[in-house]
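Subject: Structure handover

Hi,

Here is the structure I promised to pass on.

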Amino acid sequence: MADPLQSLRAVKGMNDILPPESARWEWFEDKVRGLMQRYGYANVRTPLVEPTALFLRGLGEATDIVEKEMYSFEDALNGDRLTLRPENTAGVVRAATEHALLHDGGRRLFYIGAMFRHERPQKGRYRQFHQVGAEALGHAGPDVDAELILMCRALWRELGLREGEDVRLELNSLGEPAERLAHREALVTHLEASSGVLDDDARRRLYSNPLRILDSKNPALQPLIEAAPRLIDFLGAASRGHLEAVCAVLDAVGLPYRLNPRLVRGMDYYNLTVFEWVTDRLGAQGTVCGGGRYDRLFEQLGGKPTPAVGWGMGIERLLLLMEAAGVQPPLPVPDAFAIVQAAGHLPTVMVTLEALRAQGVSVTFNPAGASGPASMKSQFKRADASGARHALIFGEEELASASVGLKNLRDIGAVQQRLPLADVAQWAAALRNA
Ligand code: ATP
Ligand code: MG
């Protein structure tokens, strides 16, 4: 008979994030929260599950996500059509409308969380993955577009990623609907003229969503795509002005970018500014962050017309990129590790450790077995392996004089000290990050 436990594995393409890797995630998320705080973006948390209609209406029926990547199901209890969120912008817009978040002006929001897409799992591409996203809602001007891009640069710098070498900015404008329509006609004419070259996806999209064909990764289509009419040549004065204003800020702060007329993005909701931060270090999973303006999404989802702009960033890809770029965040280590000689000392040990933690010292110990603490020797081994800088020795001898031994584990030459237990508040500070 098959082992029934054998089938209890994580779902394909969905990962457990375990220590020590999880510490890198926390480090990254802390950096993100600090960044958002500095730029005035407030945290928003929307449900992982949304009505399927939100994504059908929000993302566009002829997008990769809606066509083949959504985890959609029927609620077995009431028949509702539901979907695990493949992205969070639609959810944020729904929430902003539902709770009239913009009744007294714009809002800057950010999220961190899991997204779900039924894709072929590979390095940097998973079925459950995680995104950080920032959204500036209710502002039409190019200043917030530029701000959002600058936030990314600030984050790269903090993470130790090098612009130009590890990540590069690509920028484009998708214009407004009338401009897109004129371009679309020219594009369809161009593609029709070579319809024999088109693959199945492209043929299917020729009339439903020809712009998306420009985003195709099929090498056979590249020459046709290269020669296609460029949307940027169909932009009117206002759209051009918006793009130029964004570029002027990027120029002023010395942020290099490449204007890429073929950059279209995967969702239909974008207009005007679109951008991607790309890397050469992750093969086909080269986009670490993508974003742009979506001035019509609120209306499309039944809300009041509201301009908006934002970006989404893949956390897995970013951590992979950091690894590939040779930048690794420091792993957290305890300040101290307690060595306990006898079970009878436990109350004194715990009182002291609590006092230390109350002072911000991180301190741990090797939990005892049923017959008491392990040998001092084995506890010292654990202390060493933990990376702790100090051992706190609660031995018979030390405790007899109401004190604890302090041994610097990273400096063998250092002399062992005795610290009075009664004065723990005084010497705690010296252990903290010492
Ligand atoms: P791609 O072209 O690589 O499929 P996308 O255009 O579908 O990306 P977006 O929907 O713009 O991606 O999502 C923003 C970011 O989220 C991407 O730039 C990427 O870093 C990350 N991302 C998207 N899909 C996945 C996935 N399946 N696994 C891991 N990260 C992902
Ligand atoms: Mg995709």
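**What I found**

Let's start in a loop: Gly283 sits between strand 9 and strand 10 (287-293). Helices (H or I, at least four residues) and strands (E, at least two) are DSSP runs, numbered from the N terminus. Before going on, please note that this is a predicted model, in which local features need pLDDT of at least 70 and side-chain atom pairs count only at pLDDT 80 or more, while totals for chains, interfaces and linings use all residues. Residues are numbered from 1 along each chain as its sequence is written, chains are lettered from A and ligands numbered from 1 in the order in which they are written, and side-chain values use heavy atoms, with hydrogens and water left out.

Back to Gly283: it is exposed, with a relative accessible area of 59%. (Buried means under 20% relative accessible area, exposed over 50%, and partly exposed in between, with a 1.4 Å probe and protein chains only.) Along the sequence Gly283 is 159 residues from Gly124, yet their C-alpha atoms are 9.2 Å apart in space.

As for the overall layout, the domain assignment gives domain 1 (9-175 + 235-324) and domain 2 (336-433); such bounds come from an automatic or database domain assignment. Taken over C-alpha atoms, the centres of the two domains are 46 Å apart.

Now for strand 6 (residues 128-137). How many of its ten residues are buried? Ten of the ten, so the strand is largely enclosed by the rest of the structure. In a regular strand the side chains alternate between the two faces of the sheet. Here both faces are covered: Gln128, His130, Val132, Ala134 and Ala136 are buried on one side, and Phe129, Gln131, Gly133, Glu135 and Leu137 on the other.

Strand 6 also has partners on record in my notes. It pairs in the antiparallel sense with strand 5 (residues 107-116) over ten bridges, and again in the antiparallel sense with strand 11 (residues 308-314) over seven bridges. Two strands pair if DSSP finds at least two bridges between them. Glu135 is a handy place to look: it stands opposite Leu109 and also opposite Gly310 in strand 11.

Next, the aromatics. Rings of Phe, Tyr and Trp (its six-membered ring) pair if their centres lie within 6.5 Å; planes under 30 degrees apart count as stacked, over 60 as edge-to-face and the rest as tilted. By this rule there are three aromatic pairs. One of them is Trp156 with Trp277, edge-to-face at 5.4 Å centre to centre and 75° between the planes. Trp156 lies in helix 5 (residues 142-159) and Trp277 in strand 9 (residues 271-278), so the pair ties together parts that are 121 residues apart in sequence. Both Trp156 and Trp277 are buried. Tyr269, Tyr270 and Tyr294 form one aromatic cluster.

Finally, some backbone details. Pro19 and Pro20 are joined by a cis peptide bond, with omega about 5°, and Pro20 is in the segment before helix 1 (21-39). Ala100 has a positive phi, near 45°, in a residue other than glycine. You'll find Ala100 in the loop between helix 4 (89-98) and strand 5, partly exposed at 42% relative accessibility. Ala402 has a positive phi too, near 50°; it is in the loop between helix 15 (396-400) and strand 15 (403-408).

Cheers
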